[in-house]
Amino acid sequence: MKQSFLFTKTQKNIAAEEKSINAQLLIKGAYIDKLMAGVYTLLPLGMRVINKIENIIREEMNAIGGQEIVMPALQPKENWETTGRWSSMDDLYKITDSQGHEMALGPTHEEIVVPLAKKFISSYKDLPVYIYQFQTKFRMELRSKSGILRGREFLMKDFYSFHADEKDLEEYYEKAKQAYFNIFKRCGLGEKTHLTFASGGSFSKYSHEFQTITLAGEDIIYVCEKCGLAINREIKDETEICPDCGAKDFKEEKAIEVGNIFKLLTKYSGPFNLKYTDKEGVEKPVIMGTYGIGLGRLMGTVIEVHHDDKGIIWPMSVAPFQLHLVTLGEAPELAKQAEIVYTSLTKDGFEVLFDDRKESAGVKLNDSDLLGLPIRLVISAKTQEKDSVEVKLRNSDKVELVKINKLEDYINKLIKQ
Ligand code: ATP
Ligand code: MG
């Protein structure tokens, strides 16, 4: 894509109340725009990042048998009364239409997915079932100060599993855990993300968080120095030793919850009376698990972990484009050569953002650092003389001059690294 064609531009002045690094960089880079506290527009560059993240998650969810659907955000009050959450859920947005009908804007979808599953599950032959979606959630978050990490309207991947018994859920839960590790690793958060025992007491074995260590984190976790498993504050109050390996030394860290997984058992199948008949014809409750990831929060977390004082440093897997082709200087032959390089790279399947704007070198290079694409290619009078392109990785200071006829091989090697 040509940068001159983008309808957005990098932003110099952003609201003073925007304190978090992720929101500052995303707004400055015109990845997102803020409409009000906790509510953001995804602009073209941000949309490309979210699409990459979504595809990584989709691949991993499909690999464990997930079937994708989309459920509505507008939800009947009755479903929420069935589980008692119409009155117990503090962050539920409730709306009333002109005829007095009350509805909820969905903050999660157990209340919708369970009655849905009930239409299709009646026998042991119908189980297990794995359903997921990418869908917009609404939550009345009171502390929307962490930029895109805590939205009031935000995109979530929510996944629900339905099983005949707890053993089947247990086995599936381990698969889901592994799929989650794969997702965070593929998004560039592998080293910083810890499986975390989530809640206190006997409930801990039913739920885990995936926590990514960064100073922007709202949570405190204790990471076992021996095995890397983490526990959250409430557990830490109850246990002196690592529940996994028994070691005693923990490091206190700030972290962001990027995802979590729960064994719901019959918490929601119970109220909706979701049952099946087993081989012997006996009626039994369906056992459930639920698995969530916030996509915007994941994008924000990637930035909190991967940035410097100049801007974002995208991991290749989630970068909006792999390459930033930048021309410095306005001589017509420069523009012509850059156009040829751009066309041939794009034709060969590389994702290129081409800064063809008539701006100073300073503006272009600053913008390039801010946007943070993994590989920068500069074409200038100096490089043209040598029939070359200057290649620089965003996460390194090293600059290489690469001959144009060797450029694709060179880039391919960088991308594979
Ligand atoms: P938190 O404790 O941070 O409020 P939660 O326990 O409410 O999270 P869940 O209801 O389990 O979160 O939602 C599943 C996932 O959705 C979370 O792990 C997180 O990645 C994401 N998420 C939750 N709330 C938000 C939000 N307000 N904005 C963006 N993402 C969110
Ligand atoms: Mg919450």
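Predicted model: local features only at pLDDT ≥ 70, side-chain atom pairs only at ≥ 80, totals over all residues.

Let's begin with ligand 1, which sits in the largest pocket. It has 15 residues around it, and R139, E141, G151, E257 and N260 are the closest. Sorted by class, that shell splits into five nonpolar, five polar and five charged residues.

Which strands each supply at least two residues of the shell? They are β8 (153–163), β13 (250–265) and β16 (287–294). Of these, β13 gives the most, with four residues.

| Residue | Part of the residue | Atom of ligand 1 | Distance |
|---|---|---|---|
| L149 | polar backbone atom | nitrogen | 3.5 Å |
| G294 | backbone N or O atom | oxygen | 3.0 Å |
| R297 | side-chain N or O atom | oxygen | 2.9 Å |

As for cover, ligand 1 on its own has 590 Å² of accessible area, and the protein covers 82% of that.

Now for the strands. β6 (residues 102–105) pairs with β4 (residues 74–76) in the antiparallel sense, over three bridges. β6 also runs antiparallel to β5 (residues 93–96), joined to it by four bridges. Look for M103 in β6: its bridge partner is P76, and I95 stands opposite M103 too.

β5 and β6 form a hairpin with five residues between them. In that turn, G100 has a positive phi of about 85°.

Note on methods. Residues numbered from 1 in each chain as written. Chains lettered and ligands numbered in written order. Heavy atoms only, no water. Near = heavy atom within 4 Å. Polar contact = N/O pair within 3.5 Å; in protein donor to acceptor, adjacent residues only side chain to side chain. Areas by Shrake-Rupley, 256 points an atom, 1.4 Å probe, with all protein chains shown as cover. 1 Å grid on protein atoms, 1.4 Å probe; cavity = no way out; pocket = protein on both sides within 12 Å on 5 of 7 lines; lining within 4 Å. Sits in = over half its atoms within 2 Å of the grid points. Nonpolar A, V, L, I, M, F, W, Y, C, P; charged D, E, K, R; others polar. Pairing = 2+ DSSP bridges.
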